[in-house]
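How are two packed helices described? By the angle between their axes and the distance between the axes.

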Amino acid sequence: MQLWALFLSKTALCLEDAMTLTYAILSIIIGLAALVWSADRFVQGAVALANHFGMPKILIGMLIVGFGTSAPEIVVSATSALEGNPGIALGNAYGSNIANLALILGVTAVISPILVAPSTLRKELPQLLAVTLISIALLLDGEVSRLDGIILLLLFATFMFWSVYQALRAKYRPQETLEIDTSIRLPKALLLLIVGIVLLVASSQLLVSGAVFIAQAFGVSDLVIGLTVIAIGTSLPELASSISAARQHQHELALGNVIGSNMFNTLAVVGLAGTIKPMHAGFEVVYRDMPVMLALTLLLFIIGYRYRAPSGHIYRWAGALLLLCYIAYNAFIFLSLRS
């Protein structure tokens with residue numbers, strides 16, 4: 001009788017654990033889906049609201065749409081920092097950067113080769129490289145202090161001010177081709193904005209709680225979950241917009257979207273999370289993930305560079321190479337868990 005009672009109690013515990021794990025997996029899936037959906041609603045409402053008050057299209061494209069595509073990363077990282085999960089906060093930011101450079105550009109280039117404009121090689125990629133080096137230097141002590149966060153945010157503010165200033169002065173403005181739905185009235189725009197913000201926060205909390213539980217259940221760090229599952233999920237808006245831009249032969253938008261997102265993640269996402277709550281970076285972040293991010297940035301520059309040519313290309317073979325790099329990086333992470 002005692003054995004039967006013990007068997008029933010063990011079975012009940014196993015079923016309870018299985019149900020809890022199922023709920024955690026569903027939390028991640030639902031959280032990611034709601035995060036992407038709410039980010040779209042937030043952008044739609046913000047764009048309509050800005051257009052209603054006469055904001056220039058170029059500023060809408062650079063500030064609101066640029067912020068909106070990175071809204072999942074910034075909300076998830078800020079939520080993780082507040083809840084004391086620095087691994088998810090940093091893993092989400094740097095994992096998204098690695099996914100942008102290797103996975104998203106790789107998939108986009110395989111679908112349609114990407115033209116690399118001379119200005120990208122002269123300005124945007126060197127700027128991204130400089131920002132990456134600065135962020136590595138700040139994290140060499142293994143901490144993201146509040147001062148580090150403030151420095152990153154100040155750099156982001158400077159970068160945004162200079163970008164907007166340069167864009168407003170430019171003779172040709174490709175951002176002016178931004179399509180805006182003028183049929184959205186002010187009340188609906190406000191509703192979309194509020195619903196988007198509320199769901200962004202709620203879905204990020206659902207996603208983070210599910211990710212933390214799974215990490216603890218399988219004995220892996222929350223950093224690994226942030227670098228892989230959450231990073232890919234929060235990069236879905238960039239993937240969709242880059243593929244769409246490449247199919248329409250808007251190569252500057254396809255590549256610029258990734259470069260802008262990485263600048264935003266490195267400066268604004270990590271900066272805000274560190275300012276909210278100082279974090280321990282960890283050995284893996286400083287000596288594995290950030291060097292991979294730096295190496296991929298350099299590889300992108302090498303692939304896109306053409307000696308004495310007005311512009312370069314990221315051809316399909318280069319896209320396949322970037323995808324192989326991403327697969328190898330993730331394989332290394334999961335193999336290191338078994339050692």
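Predicted model: local features only at pLDDT ≥ 70, side-chain atom pairs only at ≥ 80, totals over all residues.

Residues are numbered from 1 along each chain as its sequence is written, and side-chain values use heavy atoms, with hydrogens and water left out.

Start with helix α5 (residues 118-138) and helix α11 (residues 283-304). Helices here are DSSP runs of H or I, at least four residues, numbered from the N terminus. The two axes come within 10 Å and cross at roughly 165 degrees. Axes are lines fitted to C-alpha atoms over the stretch in contact, and angles run from 0 to 180 degrees between N-to-C directions. The pair is therefore roughly antiparallel (over 145 degrees). The crossing is left-handed: the near helix is turned anticlockwise from the far one by less than a right angle.

Contact means heavy atoms within 4.5 Å. On the α5 side, the contact residues include Leu121, Leu125, Thr132 and Ser135. Among their partners in α11 are Met290, Thr297, Phe301 and Gly304. By class, this contact has 12 nonpolar, 4 polar and no charged residues. Gly counts as polar, and Asp, Glu, Lys and Arg as charged; Ala, Val, Leu, Ile, Met, Phe, Trp, Tyr, Cys and Pro are nonpolar.

Now turn to helix α7 (residues 186-217) and helix α8 (residues 222-234). Their axes lie 9 Å apart, at an angle of about 125 degrees. That makes α7 oblique to α8. This crossing is right-handed. Leu207, Ala211, Ile214 and Ala215 of α7 meet Asp222, Ile225 and Ile230 of α8. The contact has 6 nonpolar, no polar and 1 charged residues.

Definitions and conventions: Helix = DSSP H or I, 4+ residues; strand = E, 2+ residues; numbered from the N terminus. Parallel < 35°, antiparallel > 145°, perpendicular 65-115°, else oblique.
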